[in-house]
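Have a look at the two-chain model below. Here is a quick tour of its loops, interfaces and folds.

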Amino acid sequence: MSTSIQRGIAAFKQQIDTPIASFFNSCVHCGMCAGACLFYETTQDPKYTPINKLEPMRRVWKQEYTFWGRLAKTLGISKPITDADLDEWQELLYDSCTLCGRCSLVCPVGIDLVYMIRKSREGMVASGHAPEGLKQATSRAMTIGSPMGVTISTFKKQVQHAEDECGIKMPFDKQGADYLLLMSSAEIMEFSEFIGAMAKIFKQADVSWTFSSEAFEATNSGIQIGSSDLAAELVQRVVDAAEKLQVKTVISPECGHAYTAIRWDGPNLIGRAYKFDVIHILELLDQLRQEGKIKLEGLDKEKITFHDPCQIVRRGGITQEPRDLINSVSSNFVEMPCSGKWNWCCGGGGGVSANPDADELRLKSFAIKKQQLDSAGAKKLVTSCSNCRNMLEDGIEEYEMDIEVIGLTELIADHLKE
Amino acid sequence: MTTMELLTWVRGPGMTIAIILMLFGVAVRLLEMLLLGRKKDLSVARVPSTAKYGWRTVLTRSLPSMACLKAIPVTFITGYIFHVGLLIIVVFYVPHILFIRDLTGLEWSGLPFWLIDGVTLLTMLAMLVTLWYRVWDKVRRYISRFSDYFVWTITFLPVLTGYLLYHRQFLPYNEMMIVHIVSIQLLLISMPMTKLMHTFTFVFSRWYSGEAAGRKGVKV
Ligand code: SF4
Ligand code: SF4
């Protein structure tokens, strides 16, 4: 039987590849990454410097994969990594990292810090150092099918409500539909207007689509906690459902981490390419708009600004689409400072929102978002991620600001020409 | 051994040994890095050539960035000055060019002495500020280890001794020349053992980051 620390180190080792070795070899300890991280910026505590979050992984790399490190280990002069070290780093690798990837933009030698933080979490899970909240969310995702514990019958009930409200019947398990629409639990439970909005848009655009009663959840707690096995199983459920229904394309819902999971990480997790395409809902909406399949009317005059979800813009490459969509329904769209790929995170990505240990720090880090919002001076804030939306509302309440948060898809649906 | 004999030895066989040790060490370190391998990414890229984005980042991370300048002026400005300064001193100081010519047969024209002199002073100044900032600023201090100060010292010494040598200060010419050359050799040999490896690996790290982001259509 190996001890938990041995399992942890083995998992760290397994994650280390040529890019990671090149990153550690290149780091010059300039500390520039600190200024890019919302947690350092809002606390000024140097322990939140992104490269410091990677100390356990760096030590494993050094001791296991470098000549000098191995020599030192053989001679018994290097300090072994202990459970206590990993315990201390739990806060740094989970509570104070939203996997937002902003640090990876500034490093002068091009170190992709967030790539390594995501991978470090594998070692943390293997050694038993993941936060309780995330463990529970992951276990709900595995057993119930949703990190928030939304069952298929609850989902169907929510869809039924939405059908009653908008008067449009929504298809389940329609064989051979063009699109399979996935959801995030937050959209189902907290922002269920999204369901009706989608149905209205698809009806007008005459899109052939369906839900699946075997896989509706797009978010992936396995990725956030750092367990590739579980993450792969969650992706596989979607892949099986999509391939069974023989859909051409799977639509990722607004949720940014869901998009990363299904669009970029998914094929690597299950070890093969999909037999279908994946498109983000914003890409699809913009495409439908450009093709003239959805007709919009009315321009809002009230000042409106947009929060770019990290996984959609910086880690997802969808920057222009939301802007074009907003500009087609608003005549007064203003950017926040540092928008687009430089946007500051809402504070709750990467599993932070499912981790109550992080609540206090998360709200503190919202100060940077507040600054951005204050400079934009808009009373309406659009975003395109249910998790961001939750976090933004939370922060706005905490800081007693007067700003309304709206989802982009609903905004578009509200402007559909009847 | 007389001073002259010692000088001849450090310039000749001594230098050869140092260069061989450096090259061998760097080769080993690069090999141990490359042998780890990188899994093929199975997701469908947004762009036809992700490699192009890798090369793009290799170049663009050397360009001045307003975002970084504003966020962290001291590290940014001094870092820029001493890297460019070191490059100019090594590549465009006439005695260095002659030394490289003897070694490789390659030759190019150098810059006037007064200019190199100014660049050297500026480089040393920038490096001193970097050191001060490493000790004074809490982030830099927090993430610094012994090796950071060691690397600073062995990078500073060749510049300092070269400056003293040119101005005939501190030690007689030949003695100072020996000290200067040995300090360079120390720097060379330390390359594969320290963060000076970034001289070789920065191309890889930038490329991997740029390539991965390029897959998603993001220019980083
Ligand atoms: S910015 Fe890059 S090189 Fe500088 S300390 Fe951070 S990771 Fe290391
Ligand atoms: S990914 Fe974002 S939150 Fe995490 S260390 Fe980097 S900048 Fe900070």
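B:Arg168 sits in the loop between helix H8 (146–166) and helix H9 (173–190) of chain B, where helices (H or I, at least four residues) and strands (E, at least two) are DSSP runs, numbered from the N terminus. Its phi is near 50 degrees, a positive value in a residue other than glycine. B:Arg168 counts as exposed at 56% relative accessibility (buried means under 20% relative accessible area, exposed over 50%, partly exposed in between, with a 1.4 Å probe and protein chains only).

Before going on, some housekeeping. This is a predicted model, so local features need pLDDT of at least 70 and side-chain atom pairs count only at pLDDT 80 or more, while totals for chains, interfaces and linings use all residues. Residues are numbered from 1 along each chain as its sequence is written, chains are lettered from A and ligands numbered from 1 in the order in which they are written, and side-chain values use heavy atoms, with hydrogens and water left out.

**Chain B overall**

- Chain B has 10 helices and zero strands, and reads α-α-α-α-α-α-α-α-α-α along the sequence.
- The C-alpha trace of chain B spans about 65 × 35 × 35 Å along its principal axes.
- Of the 220 residues in chain B, 41% are buried.
- Take the contacts in chain B with a separation of 6 or more: residues 24 or more positions apart account for 70% of them (contact means heavy atoms within 4.5 Å).

**Where chain A meets chain B**

- On the chain A side 57 residues are in contact with 45 residues of chain B.
- The area buried between the two chains is about 4,200 Å², with carbon and sulfur atoms giving 57% of that; buried area is the accessible area (1.4 Å probe) that two parts lose on being put together, summed over both.
- A:Thr18, A:Asn25 and A:His29 supply 16% of the area that chain A buries against chain B, more than any other three residues.
- The rule finds two salt bridges across the interface of chain A and chain B, a salt bridge being a side-chain nitrogen of Lys or Arg within 4 Å of a carboxyl oxygen of Asp or Glu.
- B:Arg46 and A:Glu283 pair up in a salt bridge, at 2.7 Å from N to O.
- There are also 30 residue pairs in polar contact between chain A and chain B (both at pLDDT 80 or more). A polar contact is a pair of N or O atoms within 3.5 Å; within protein, one must be able to donate a hydrogen and the other to accept it, and residues adjacent in sequence count only if both atoms are side-chain atoms.
- The elements giving two or more residues to the side of chain A that touches chain B include helix H2 (18–26), helix H5 (55–65) and helix H16 (256–270) of chain A.
- H2(A) gives the most to that side, with seven residues.
- By class, the side of chain A that touches chain B has 29 nonpolar, 16 polar and 12 charged residues (Ala, Val, Leu, Ile, Met, Phe, Trp, Tyr, Cys and Pro count as nonpolar, Asp, Glu, Lys and Arg as charged, and the others, Gly among them, as polar).

**Domains 2 and 3 of chain A**

- Chain A is divided into domain 1 (4–130), domain 2 (134–289) and domain 3 (296–414), with bounds that come from an automatic or database domain assignment.
- The centres of domain 2 and domain 3 of chain A, taken over C-alpha atoms, are 22 Å apart.
- Their contact takes 27 residues from domain 2 of chain A and 28 residues from domain 3 of chain A.
- Together these two domains bury about 2,400 Å², 64% of it on carbon and sulfur atoms.
- A:Phe191, A:Glu254 and A:Leu282 supply 25% of the area that domain 2 of chain A buries against domain 3 of chain A, more than any other three residues.
- The count between domain 2 and domain 3 of chain A is one salt bridge.
- A:Glu193 forms a salt bridge with A:Arg389, and their closest N and O atoms are 3.2 Å apart.

**Two spots in chain A**

- A:Ser252 lies in strand E3 (residues 249–252) of chain A and is buried, with a relative accessible area of 0%.
- Not counting residues up to four places away in sequence, A:Ser252 touches A:Ala258, A:Tyr259, A:Ile262, A:Ile279, A:His280 and A:Ile281.
- A:Gln246 is in the loop between helix H15 (228–245) and E3 of chain A, and counts as exposed at 57% relative accessibility.
- Phi of A:Gln246 is near 55 degrees, a positive value in a residue other than glycine.
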